[in-house]
Amino acid sequence: MLILLPLPYFVPPQVLKLGDNQPKVRQASTDALLALARCEPVGPDFVVRHVTKALPKRQTGNRICRPLESRLQLLRNLLVDHGMGPHPTTETVMSFVKENGATSHTFQEVRTAAREVTVALYAKVGDDVDWEPYLAGLRVKQRE
């Protein structure tokens, strides 16, 4: 029998391992978080809540790309697999992209991941959302 206790300050260690330098560790972490999202007692809302939290200081900056890129790719996978639920709202996802400067990041991989998560989100919600506040800081080429 599996008993889950509510732990308000618990952060799955897999979220921190998304920024690891070793591809096998990153992939195992992604797989574990996707499995948690598929698990009915946990669900995708729990994973999205923890993935969209602020990055630790040691994983931020324009010279580091893996933690942010991995989180954005995981968000995209969650949107494609599970769609929009009560928690992964447009505001949650797009504010995470904007706060971390993903669309204007130094690394192409992060900018591409930000574009992919935005396109996946647009595919789910369409024009029901006012996109202008989220896309205001983009260059013309990025908007296209």
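## A helical chain and its nonpolar core

The largest nonpolar core has 30 residues, and those with the most contacts inside it are Val47, Leu68, Leu72, Leu74, Leu78, Ala102 and Val117. The elements that give two or more residues to this core are α2, α3, α4, α5 and α6, and α6 gives the most, with 7 residues. The model described here is a predicted one.

**The chain as a whole**

- The secondary structure of the protein chain comes to 8 helices and 0 strands, so that, read from the N terminus on, the elements run α-α-α-α-α-α-α-α.
- Of the 144 residues in the protein chain, 37% are buried, while the accessible surface comes to about 9000 Å², with 54% of that area belonging to carbon and sulfur atoms.
- Among contacts between residues at least 6 apart in sequence, 67% join residues at least 24 apart.

**Helix α4**

- The buried residues of α4 include Leu68, Leu72, Leu74 and Leu78, together with Pro67, Glu69, Ser70 and Arg71.
- These buried residues of α4 pack against α1 (13-17), α2 (23-38), α3 (43-51), α5 (90-99) and α6 (108-125).
- Just after α4, glycine 83 takes a positive phi of about 75°.

**Valine 117**

- When its neighbours within four places in sequence are left aside, valine 117 is in contact with Leu72, Leu75, Arg76, Leu79, Val93 and Val97.

Notes:
Residues are numbered from 1 along each chain as its sequence is written. This is a predicted model: local features need pLDDT of at least 70, side-chain atom pairs count only at pLDDT 80 or more; totals for chains, interfaces and linings use all residues. Side-chain values use heavy atoms; hydrogens and water are left out. Buried means under 20% relative accessible area, exposed over 50%, partly exposed in between (1.4 Å probe, protein chains only). Helices (H or I, at least four residues) and strands (E, at least two) are DSSP runs, numbered from the N terminus. Contact means heavy atoms within 4.5 Å. A nonpolar core is a set of buried Ala, Val, Leu, Ile, Met, Phe, Trp, Tyr and Cys residues joined through side-chain atoms within 4.5 Å. Accessible areas come from the Shrake-Rupley method with a 1.4 Å probe; for residues, only the protein chains shown count as cover.
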